[in-house]
Amino acid sequence: MSSFENESPIRVLVVGCGNMGASHAFAYQLIDGFEICGIVSTGKSKEVLNEKLGGGYSLFSDYDTALAETKPDAVCISTYPDTHEEFAVKALQSGAHVFIEKPLADTVEGAKRVVEAAIAANKKVVVGYILRVHPSWERFVTEAQGLGKPLVMRMNLNQQSHGYMWGVHRNLMKSLSPIVDCGVHYIDVMCQMTRSKPLRVNAIGARMTEDIPAGNYNYGQLQIWFEDGSVGWYEAGWGPMISETAFFVKDVIGPKGSASIVAKDAGGSGKSSSVEAHTKTESIRVHHAELNDQDEFVHEDTWINLEDEPDHQELCNREQRYFLKAVRENLDLTDHLQDAVMSLSIAFACDESVRTGRTVDLV
C-alpha cells in the first residue's frame, strides 16, 4: 500500500448493512486508502453497524439524499439485487466508482446497462466475486486446468436456513432464485476452469414452501455444456426443510484425475447456513488417474492442506484491496465485467429452463 500513502483517501458511501455490507464497511475502516463518508439502509441496520464501527458516521435512510449530500468518490452496494442496477447507475453518473455485490443486476439487460454506464463515466466497477480472491479457490481452478479436457464439474451449496438466515433467504427470493443468487459464483468458477464457450443449459427446480413468491423456487439444479466437451452441474436449496447430508460438494474431474475440496469442519453437521463455512476449503484432494501395467494407480492421492486460509472478513478485505488497486492504478476491468455478465447470463438461462422445462441454448 506504500505507493498510495501520499494520496488522499477514497471516500466511500456504504449502502446496505447486512452480512456483506457490514464486512465491507469493516474493510474500509481497516484499509489505509479508504474513508467511510456515510452509511445507508432503510431500516435500523445502519445504526447497529455505526455502533459496531465505533460511531460518528453520517446515517441515511434514502440513497438519493445520501449520494447528493456526501458526494462520494466510491459507492459500495450490498443491498438486495433488485436495487443493484439503479443504485450503480446513479453512483456512476454522479462520478463515483462502484463496488457492487453479486449479482451485478437482477436482469442480464440491467447488468449490461451498468457496464455501459461505467464505460460512459470512465469509472471502475468491481463485482463481489469473493471466490476470485480466495487463494485456495484460485488453487482449485489451477488444479482443474491441469486435469486435461473435457472436465466434469460437480458443485453445490445447499443451506438448511432458519431464524435470521431464513429471513435473509426469503427476502432474496422476492427477486431471485437460489441458483441465480448463489450459482453465479460457481458458474464463474466453471467458466474459469474451462475457459471454453458455454453452449447450453438445462435446469430443474421445486417450490417447497408457501413462504416465497408463487413464481419462484427454493431448490434448483442446473447443468451446463461447454464447447470443449466439458460439463458441469450446480445445486442450491434454501430453507428449513433442506437436507445437510451432502450440502457441500466441490469436485472437478478430467482425463488425468480429479480435484476435490474437502471441507471436513465446514462440511460438518449444522454448518450449511453459516456464511463463514461457505468459503472454507481446508484441504484439496488431488487424485491422479495414471495406471501401471497391472491397472493399479501409479501415484497416491495428493493432499493440499490449507490451514492458514483467510476467514470471511479477510476475504472481504482482499476484495476491497483489489477495488483500491483498480481505482488507484486504473486497472482495465473489461474482462472482469464481461465475466460477471456472462455468469449472470448463464444463471438466468438456467432460470428460464426451470420455468419452461426446456433446454436453453446460449447465444
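Tutor: In this predicted model, the second largest pocket has 16 lining residues, and S345, I346, A349, L362 and V363 are those nearest its centre. Two or more lining residues come from each of α5 (108-121), α12 (334-356) and β15 (360-361).

Student: What makes S345 a lining residue of the second largest pocket?

Tutor: A lining residue has an atom within 4 Å of a pocket point. S345 is listed in the lining of the second largest pocket, so S345 meets that cut-off.

Student: Which element gives the most to the lining of the second largest pocket?

Tutor: That element is α12, with 6 residues.

Student: Why is the second largest pocket said to lie between domain 1 and domain 2?

Tutor: Both domain 1 (10-127) and domain 2 (132-314 + 344-361) give residues to its lining, and it therefore lies between them.

Student: How many residues of that lining are nonpolar, polar and charged?

Tutor: The lining of the second largest pocket has 9 nonpolar, 2 polar and 5 charged residues.

Student: What is the volume of the largest pocket, and which residues lie nearest its centre?

Tutor: The largest pocket holds about 1000 Å³ of space. Its lining has 44 residues, with N19, M20, S78, V168 and L172 nearest the centre. The largest contribution to this lining is from α7, with 5 residues.

Student: How do you know where the largest pocket lies relative to domain 1 and domain 2?

Tutor: Domain 1 (10-127) and domain 2 (132-314 + 344-361) both supply lining residues, so the largest pocket lies between them. By class, its lining comprises 19 nonpolar, 20 polar and 5 charged residues.

Conventions
Residues numbered from 1 in each chain as written. Predicted model: local features only at pLDDT ≥ 70, side-chain atom pairs only at ≥ 80, totals over all residues. Heavy atoms only, no water. 1 Å grid on protein atoms, 1.4 Å probe; cavity = no way out; pocket = protein on both sides within 12 Å on 5 of 7 lines; lining within 4 Å. Points joined across faces, edges and corners; volume = space filled by probe spheres on them. Helix = DSSP H or I, 4+ residues; strand = E, 2+ residues; numbered from the N terminus. Nonpolar A, V, L, I, M, F, W, Y, C, P; charged D, E, K, R; others polar. Domains from an automatic or database assignment.
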